Amino acid sequence: MADMTANPSVARKASLPRINSRLVVMTLYLVFLMLPIYWLLNMSLKTNSEILNSFTLWPQNLTFANYATILTDASWYMGYVNSMIYVVMNTVISVAVALPAAYAFSRYHFMGDKHLFFWLLTNRMAPPAVFALPFFQLYSSVGLFDTHIAVALAHCLFNVPLAVWILEGFMRGVPKEIDETAYIDGYSFGRFFVKIFMPLIASGIGVAAFFCFMFSWVELLLSRTLTSVDAKPIAATMTRTVGASGIDWGVLAAAGVLTIVPGALVIYFVRNYIAKGFALGRV
Amino acid sequence: MQEKTVNHKAWFLVLPVLALVAFSAVIPLMTVVNYSVQDSFGNNQFFWAGLEWFREMLSEERMWNALGRQMAFSAIILAIEVPLGIFVALNMPKSGFWASFCLVVMSLPLLVPWNVVGTIWQIFGRVDIGLLGYTLDALGVNYNYTQDFISAWATLIVMDVWHWTSLVALLAYAGLQSIPDAYYQAAKIDQASRWKVFRYIELPKMMGVLMIAILLRFMDSFMIYTEPFVVTGGGPGNATTFLSIDLVKMALGQFDLGPAAAFSIMYFLVILAISWVFYTVMTNLDKREGK
Amino acid sequence: MEWMAWTWPTAIFFMVIAGLLITFSILAIKFPETPRKGVLQIETTRGDRLFITLLGSAFINLAWLGIVGAHQPYAMLVCLAYAAAVFRWV
């Protein structure tokens, strides 16, 4: 807090030094954020001998061999495919069931609504570690162990509440008069919801889908516990490769870079909603 | 906020969510309760153990130590991330290209898979190949996160600050954006100091989002597993064995169903109590703003 | 269902909880809830008070187990007193 009072005040000083102090703070912070990622990228473009034998700030012998290894070896790239499959399944399921529920929460009072809403929140807050073991038993007993759908359903634990909260936040912003006018015009609920309401909150649906996608993509504990071979996610592939007969740092770094790519690609489109998404739709 | 109408039929719209979450939350929780009062010997044979596991876990050092470490970790990262996040938010550009640029770059760490966050810092902190470890080593600092208690903690804390401070900053920034210019102009006329502007205009407007940020950061740090697991694996010794790491070790490593289940229930109760307190405060804040 | 390792005591425990929820739902239909402010300075309805009671009881039982360590049924008496206090004053 002391730093903040030290900031030159708006009223007293000219605007030039103020801009500079802002610039310095932001530059320092952004450099702090980018440096570790840069280092990962740097390592992924080096050969292992360069990594281990000399300390270089940028690759001396630029190589794409590490990426080539991942993209040609099925045991590596199937990890990405598996992750993609269960993440997409989870996103579709989460958003599909959350849409009507969020509409109900945003428009109506009904018995126990507040308690239900709170209960959903507790699921977002529940530690996956608590659920890992019972999930393992549950999905083993119904024969879904090591399938994509098992991971997709397990991730619903925290993604469905998230989707409901985000969508509810967006739906609150749509005036109720629109619903009423549509009903007077003779629209049925289903037709109104699909034809009129969903286009109105299209950005909300996009943001909810993005966050479901992301939280399912970054999760490791449950996806690792529920899979062994056929549905093994890239995250688990990475941790298991570390440890086996020395560590192939270059390939590990390249695999890491490739997991950041999907998020980085779409981040520009959701930049204005990212706070809202992380805040469970409450901003 | 708009007035809502009372309509109990809305229950049908919530039904799919209810079914799905019941399947993925209620059934597992019931199972955990069942396991917690029984002893198991392989091939799913269970024997009644009563409250034995709870008694054992409550009297055992192990859980209390993990809880203590967990509390310390959460407290430290909150104490760093919240002020730092606010500070960064105050310094962010208000609009234009650079605002978008900052938003995008700051969001990047939030989208990195958690085990990759661990991998990044595992590499970054190594004295032989990592920039951070190499630099510290060259400066003569005794740094080794796999051997040294302080290095391990420092690495994990810096890693969490790197990973999540942007979340606090983004939320605080969103709160700041909602302050009308007129407020600042009024403050200018009153010749309010920078601190007064912060204390009486910016902070109250940010309160709502800050509560959410603190709730999320507290909860997520309270169940942190993947990142420290990848970096330190809970070591050196048990120095960074937090609640989730200990629980997974017990449940999936040693397959001690009973004690792990008892542990889970107590863990969950603590989470439930804290969630409830935050939720109550949040809804009360909402109401006051609505009035 | 076998993997869930049901036992009668836990089954009864969940039936009691479910019974309480159903009872309070019926009560909420018959006598609609009106929120009130209690000693905690927060608005609570009957359902909220039930939740506070249940959660508090869990912690009372754990504290009793950790500190006293015997005669667990007596902890239930404390819980009943606590429940009465919550429903009267919160």
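This is a predicted model: local features need pLDDT of at least 70, side-chain atom pairs count only at pLDDT 80 or more; totals for chains, interfaces and linings use all residues.
In the unreviewed UniProt entry, the annotation "transmembrane region" covers residues 6-29 and 50-67 of chain C. Residues 6-29 of chain C are 92% helix and 0% strand, with end C-alpha atoms that are 33 Å apart, while residues 50-67 of chain C are 100% helix and 0% strand, with end C-alpha atoms that lie 25 Å apart.

Chain C also meets chain B, in that 17 residues of chain C are in contact with 21 residues of chain B. On the chain C side of this contact, the elements that give two or more residues are helix H1 (8-30) and helix H2 (46-67), and H2(C) gives the most, with 6 residues. By residue class, the side of chain C that touches chain B divides into 12 nonpolar and 5 polar residues, with no charged residues.

The largest nonpolar core holds 167 residues, of which Ala98(A), Val164(A) and Leu171(B) touch the most other members. Helix H8 (residues 148-172) of chain A gives the most to this core, with 17 residues. Because domain 1 (2-44) and domain 2 (70-278) of chain A both give residues to the core, it lies between them.

Technical notes. Residues are numbered from 1 along each chain as its sequence is written. Chains are lettered from A and ligands numbered from 1 in the order in which they are written. UniProt positions are given in the numbering used here, feature names are shortened, and annotations may be inferred rather than shown by experiment. Helices (H or I, at least four residues) and strands (E, at least two) are DSSP runs, numbered from the N terminus. A nonpolar core is a set of buried Ala, Val, Leu, Ile, Met, Phe, Trp, Tyr and Cys residues joined through C-beta atoms within 7 Å. A residue is buried if 20 or more other C-beta atoms lie within 10 Å of its own, exposed if 12 or fewer, and partly exposed in between; C-beta atoms are placed from the backbone. Domain bounds come from an automatic or database domain assignment. Two residues are in contact if their C-beta atoms, placed from the backbone, lie within 7 Å. Ala, Val, Leu, Ile, Met, Phe, Trp, Tyr, Cys and Pro count as nonpolar, Asp, Glu, Lys and Arg as charged, and the others, Gly among them, as polar.
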